[in-house]
Amino acid sequence: EFAAMAIFAAMIFDGLDGRVARMTNTQSDFGVQYDSLSDMVSFGVAPAVVAYGWGVSDLGKLGLAAAFVYASCAALRLARFNVQAEVADKKTFTGLPSPAAAALVAGFIWSTYDVEPSLGLSVLGAVLTAAAGLLMVSNFKYPSFKEFDLRGKVPFIVILSIVMGFVVITIDPPRILFALALVFSFSAPLIWAWKRLTASKAS
């Protein structure tokens, strides 16, 4: 439970570090590379280790494979992001962002830590862990939300939505955060499948 919470805490600091660096004019190439290493530990290694220790290890080598797939895909995702950072579209991410993938795994573990362990639950955890890893190295497009600028005038509806979002999350943080991560993670594949289906029907 506390490990999953720590991963979510790392997401908050991951969202702040770049902004603080820009505000204080202290950004550097070293900081960019160090940020990637931090992301790899927080959103690549930690979720894989936590998932394996939580119950994926009950599946033996299959559980180990699921954790390895996640960790290795996280490394590939971050390497691809660094290579494409200068030329990629700022409005979208190619592949599931590593913090969102970590939220999917950590949210599932956090929301089921008090559930009686079972083979079915371990299988579901392994499938989610491997799926999160594969989505990170996919070519699906995810919104980056970088176009939102909170430094200027912010519409009242945006402020209200942020406040209401925090209120909703406090009702049941583990399950609501997991639900948000689940919807975001699988939104791109579902949209892609829907477009392919409608295109085939139109032709």
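A residue counts as buried here when its relative accessible area is under 20%. Tyr-142 comes in at 1%, so it is buried. Keep in mind that this is a predicted model.

Tyr-142 also has an aromatic partner, Phe-184, in a tilted pair. Aromatic pairs come to 7 in count, and here are two of them:

| Pair | Centre to centre | Angle between planes | Geometry |
|---|---|---|---|
| Phe-8 and Trp-110 | 5.7 Å | 50° | tilted |
| Tyr-142 and Phe-184 | 5.3 Å | 40° | tilted |

Phe-8 sits in helix α1 and Trp-110 in helix α4, so their pair ties together parts that are 102 residues apart in sequence. Phe-8 is buried at 11% relative accessible area, and Trp-110 counts as buried at 11% too. As for the other pair, Tyr-142 belongs to strand β2 and Phe-184 to helix α7, so parts 42 residues apart in sequence are tied together. There's an aromatic cluster as well, made of Trp-54, Phe-108 and Phe-178.

Now for helix α2, which spans residues 29-54 and holds Leu-37. Leu-37 is exposed, at 55% relative accessibility. Asp-39 lies in helix α2 as well, but Asp-39 is buried and has no salt bridge. Which side chain of opposite charge is nearest to Asp-39? That's Arg-77, 8.7 Å away. Asp-39 does touch Asp-14, Gly-44 and Leu-78, leaving aside residues up to four places away in sequence.

Last stop, the surface: a nonpolar patch there includes Phe-156, Ile-159 and Val-167, and the whole patch has about 660 Å² of accessible area. Ile-159 lies in helix α6 and is partly exposed at 43%.

Definitions and conventions
Residues are numbered from 1 along each chain as its sequence is written. This is a predicted model: local features need pLDDT of at least 70, side-chain atom pairs count only at pLDDT 80 or more; totals for chains, interfaces and linings use all residues. Side-chain values use heavy atoms; hydrogens and water are left out. Helices (H or I, at least four residues) and strands (E, at least two) are DSSP runs, numbered from the N terminus. Buried means under 20% relative accessible area, exposed over 50%, partly exposed in between (1.4 Å probe, protein chains only). Lys and Arg count as positive and Asp and Glu as negative; His and the chain ends are not counted. A salt bridge is a side-chain nitrogen of Lys or Arg within 4 Å of a carboxyl oxygen of Asp or Glu. Contact means heavy atoms within 4.5 Å. Patches are made of residues with over 30% relative accessible area and no salt bridge: like charges are joined within 9 Å, nonpolar side chains (Val, Leu, Ile, Met, Phe, Trp, Tyr) within 5 Å. Accessible areas come from the Shrake-Rupley method with a 1.4 Å probe; for residues, only the protein chains shown count as cover. Rings of Phe, Tyr and Trp (its six-membered ring) pair if their centres lie within 6.5 Å; planes under 30 degrees apart count as stacked, over 60 as edge-to-face and the rest as tilted.
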